[in-house]
Amino acid sequence: MADQVKLLDFWPSMFGMRVRVALALKCVPYEYVDEDLTNKSPLLLQMNPIHKKIPVLIHNGKPICESSIIVQYIDEFWKDKAPLFPTHPYDRAQARFWVDFIDKKLFDSGRKVWACKGEEQEEGKKEVIRILKQLEEVIGEKAYFGGECLGFVDIVLIGYYTWFYAYETIGNFSIESECPKIMSWVKRCLQNESVSKSLPDPKKVCDFVLQMKKKYGL
């Protein structure tokens, strides 16, 4: 019997995007369910009763929650195609370290840029650039964070790119001028159809963020 795969997600979520990219790279067919996060479905609440958040991957009726954990699950279960992790345990540990770094730092700093004003927004802009510059040092002269092939860190970070345009528009700064190596990396990632077809248009994301600012009076 074929695997039954369903993804509970929300289209502008950079966390959901990483799951979409991973599934596309592995050529896993799945049913996509776009959640209304202001009126969460009974299925989402049933499948993720602890955090009540997207994304949730439902594989043969069993839920897997938290995006980085889902990506690791996808790599381990569908292991015959497009490995997402390096083979050496040290390199795998390093990949997990940088994913943890990205998730603990970049989301909150980016939120300061689009959701705050004045000094807090300026602080957010500086933090975003500082984080991306640190990641530029990690990628060095490699094509991708994982070396010559897309890997775990690339998949985790690329979703944030779709929010860069919103950060720049609202914060009035240029990521490309500050972090050209990151933007070169983005362009390499987007050459892969599994990536480009899994990500929304950054301008559509920006429109969503502007509507959200207006709705909540930010």
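Good morning. The domain assignment of this protein chain gives two parts, domain 1 covering residues 5-77 and domain 2 covering residues 89-216. Please keep in mind throughout that this is a predicted model.

I shall start with how these parts meet. The centres of domain 1 and domain 2, taken over C-alpha atoms, are separated by 20 Å. To the contact between them, domain 1 contributes 16 residues and domain 2 contributes 25 residues. Together the domains bury about 1800 Å² between them, and 73% of that area is on carbon and sulfur atoms. Which residues of domain 1 supply more of its buried area than any other three? They are W11, M14 and R18, which account for 34% of the area that domain 1 buries against domain 2.

Across the interface of domain 1 and domain 2, one salt bridge is found.

In total, the count of salt bridges comes to 11. Another of them joins the side chains of R20 and D9, at 2.6 Å from N to O. R20 belongs to helix α1, residues 14-25, and D9 to strand β1, residues 5-9, so this pair ties together parts that are 11 residues apart in sequence.

I turn next to a pair of helices. Helix α6, residues 152-171, and helix α8, residues 180-190, have axes that come within 11 Å and cross at roughly 105°. An angle from 65 to 115 degrees counts as roughly perpendicular, and α6 and α8 are therefore roughly perpendicular to each other. On the α6 side the contact is made by D154, L157, I158, Y161 and F164. The α8 side supplies I182, M183, W185, V186, C189 and L190.

Finally, two points of backbone geometry. Most residues other than glycine have a negative phi, and most peptide bonds are trans. Against that background, the peptide bond from I54 to P55 is cis, with omega near -5°. P55 is found in the loop between α2, residues 42-47, and β3, residues 56-59. Where does E66 lie? E66 sits in the loop between β4, residues 62-65, and α3, residues 67-77.

Thank you for your attention.

Key:
Residues numbered from 1 in each chain as written. Predicted model: local features only at pLDDT ≥ 70, side-chain atom pairs only at ≥ 80, totals over all residues. Heavy atoms only, no water. Axes fitted to C-alpha atoms, helices over the stretch in contact; angles between N-to-C directions. Helix = DSSP H or I, 4+ residues; strand = E, 2+ residues; numbered from the N terminus. Parallel < 35°, antiparallel > 145°, perpendicular 65-115°, else oblique. Contact = heavy atoms within 4.5 Å. Domains from an automatic or database assignment. Buried area = accessible area lost by both parts, 1.4 Å probe. Salt bridge = Lys/Arg side-chain N within 4 Å of Asp/Glu carboxyl O.
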